[in-house]
Amino acid sequence: MAEKLLEIKHLKQYFNIGRPNQVKAVDDVTFDIYKGETLGLVGESGCGKSTTGRTIIRLYDATGGQVLFNGENVHGRKSKAELKKFNRKMQMIFQDPYASLNPRMTVADIIAEGIDIHGLAKSKKERMERVYELLETVGLNKEHANRYPHEFSGGQRQRIGIARALAVEPEFIIADEPISALDVSIQAQVVNLMKRLQREKGLTYLFIAHDLSMVKYISDRIGVMYFGKLVELAPADDLYQNAMHPYTKSLLSAIPLPDPESERTRRRIMYDPSSHHYEENEKVEMREIAPGHLVYCSEKEFEQYKAQYK
Amino acid sequence: MEKILEVKDLKVSFHVYGGEVQAVRGVSFDLFKGETLAIVGESGSGKSVLNQTIMKLIPMPPGKITGGQILFHGEDIVHKSDKEMEKIRGKDISMIFQDPMTSLNPTMKVGHQIMEVLHKHQNMKSSQAKERAIELLRLVGIPMPEKRVNQYPHEFSGGMRQRAMIAIALAANPSLLIADEPTTALDVTIQAQILELMKDLQKKMDTSIIFITHDLGVVANVADRVAVMYAGQIVEIGTVDEIFYDPRHPYTWGLLASMPSLDSDHKAELAAIPGTPPDLTNPPKGDAFAPRNQYALAIDFEQEPPMFQVSETHFAKTWLLHPDAPKVEPPEAVKLKMRKLSSTFEKPILVKEGK
């Protein structure tokens, strides 16, 4: 798992630069994604997790920093051919399966759009065969190919979205809240499908969500974002057992668990950003308190966290 | 305990182009004073239609109450006219909706939206109503209510808007509050705040709450009792402990097993419920859940199961509780949490029709 597929270095994404309503949606975020892993990204709405995903795949042009995919920069000047190459390797699954599929296209055309653009099928027959194969991979069947999105339920649409992403044989998939709009029982179906595909095809996922229990289940490592900053990054189990950053703690304490007894005794921890008391010239950055466990902190906090770490 | 609401064998249908959709197919339950009943189920299970029917908010036609009674404080509201309902809605029964952005009026100041209720139901004068509006905003935890009362919904954040909605809903001291997925659109931290607020206010005002959600974590947090709905029927109902620690219906098992808990194993596959809910234009013969149910018995495809009573408060609608049914083992994830509850009867009792 040591091989890095994606390196995100000091990524910045600002909106409305220079105007009074400037927003630092992503502010100096650095992390790596290893080949074959699932990295979960969690945080409140507005914390910049979706923007991070969208900037990585170049739906936005980054304000600063780098995104290296297999050592090559994704951003910066690119010829059409180069862009096409990246687009084939990186795909995205969106949150809302009702809004992300074109209602006027048949399922076959939606799935085959990438195949057509990249010229992956030599004949009409081959193209359709590929579509049928993809439909079967995601648990739909051949007969669905000529239907329109409105004929499908939410879970089925999300499967179509996944089939579309898989059509160009990507290595890396960004899933932006892929299950938030689905029912509990259907969520499990889609998550199981994503896990199976990862095993079979060796995919790498960036899984963006706010449902922490599902994120923990699917992810190998988890990053927590707060106001455009990555505040903690750790292996999934470690993050839940040894949350260090006060924001992570408050987030964990807020998840309702399907267990009435633990709910009766729940104590919620509030996060107050001013509790850090950072000095003006203090250097606050990501520091590694244990192997693979990084926390955004100052030198002083770093010592404290290290002492607390079990 | 005092019964606020009794729903008896309620049936609701919609006449649409393709035929008659039977959205609610014979639902009965009681609601007591000061308690919270959570209703869980997938989309299309009829939970929202059920509650809109209690408010008589479904459009008629195409909707129609085809049978049953809704007794609110002992009075049947099924036959009440719109005019009569207007006196009840917002005053005795009020509702909080899922999306606070679309349910608040964007062209009206928040304060005015609260005062509207006070004018209509409590005949308050403007100055008095405004004071009460400020008081209500303070009650739901909005800082600087004197300033906020004059602002528009777009100046509020999502969590704040939901708080304002709650203030409107509680303005006339209703005895029943229906909350339809009130926290689904909110972040976990904000969700926790809103849930705490609702529980706190319930204690102060002794309101009964019907809480609709599909998040079982939220259910465990707020509910006193839980009703599980599937295909327009209540398939299991019981206290929150009975549903989480001693569930009897395979659909409830499925729901509980499909949620990963924080200590569940990464490697293990989630126990998803296969397939999708049935089409209620032609509800399947027998048990509606049978085609998706790995525990289905032959009789499930022939005959609808009756309600069985498992304890004083716990009912489940499944043939598995019949004395002749084979013993089955619930999924691993459910078994882990199973425990024997003291109130459980030795043997499930068949409930006769018209309980």
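Predicted model: local features only at pLDDT ≥ 70, side-chain atom pairs only at ≥ 80, totals over all residues.
Residues are numbered from 1 along each chain as written, with chains lettered from A and ligands numbered from 1 in the order written. Local features need pLDDT of at least 70 and side-chain atom pairs pLDDT 80 or more, while totals for chains, interfaces and linings use all residues; side-chain values use heavy atoms, without hydrogens and water.

Biologist: How far apart do the C-alpha centres of domain 1 and domain 2 of chain A lie?
Modeller: Domain 1 of chain A covers 34-46 + 78-224 and domain 2 covers 228-310, with bounds from an automatic or database domain assignment. The distance between their C-alpha centres is 32 Å.

Biologist: Which residue forms a salt bridge with Asp237(A)?
Modeller: A salt bridge here is a side-chain nitrogen of Lys or Arg within 4 Å of a carboxyl oxygen of Asp or Glu. Between domain 1 and domain 2 of chain A the count is one. The closest N and O atoms are 3.6 Å apart, and the partner of Asp237(A) is Lys216(A).

Biologist: What area do chain A and chain B bury between them?
Modeller: Contact (heavy atoms within 4.5 Å) takes 39 residues from chain A and 38 residues from chain B. Of the area buried between the chains, 54% is on carbon and sulfur atoms, and the total is about 3500 Å².

Biologist: Which residues of chain A lose the most area to chain B?
Modeller: Three residues together account for 19% of what the chain A side buries. They are Val184(A), Tyr217(A) and Pro258(A).

Biologist: Which residue of chain B meets Glu261(A) in a salt bridge?
Modeller: Chain A and chain B have three salt bridges between them. In the one with Glu261(A), the N to O distance is 3.0 Å, and the residue from chain B is Arg339(B).

Biologist: Which helix of chain A gives the most to the side that touches chain B?
Modeller: Helices are DSSP runs (H or I, at least four residues), numbered from the N terminus. Those supplying at least two residues each include helix 7 and helix 9 (246-254). With nine residues, the one that gives the most is helix 6.

Technical notes
Buried area = accessible area lost by both parts, 1.4 Å probe.
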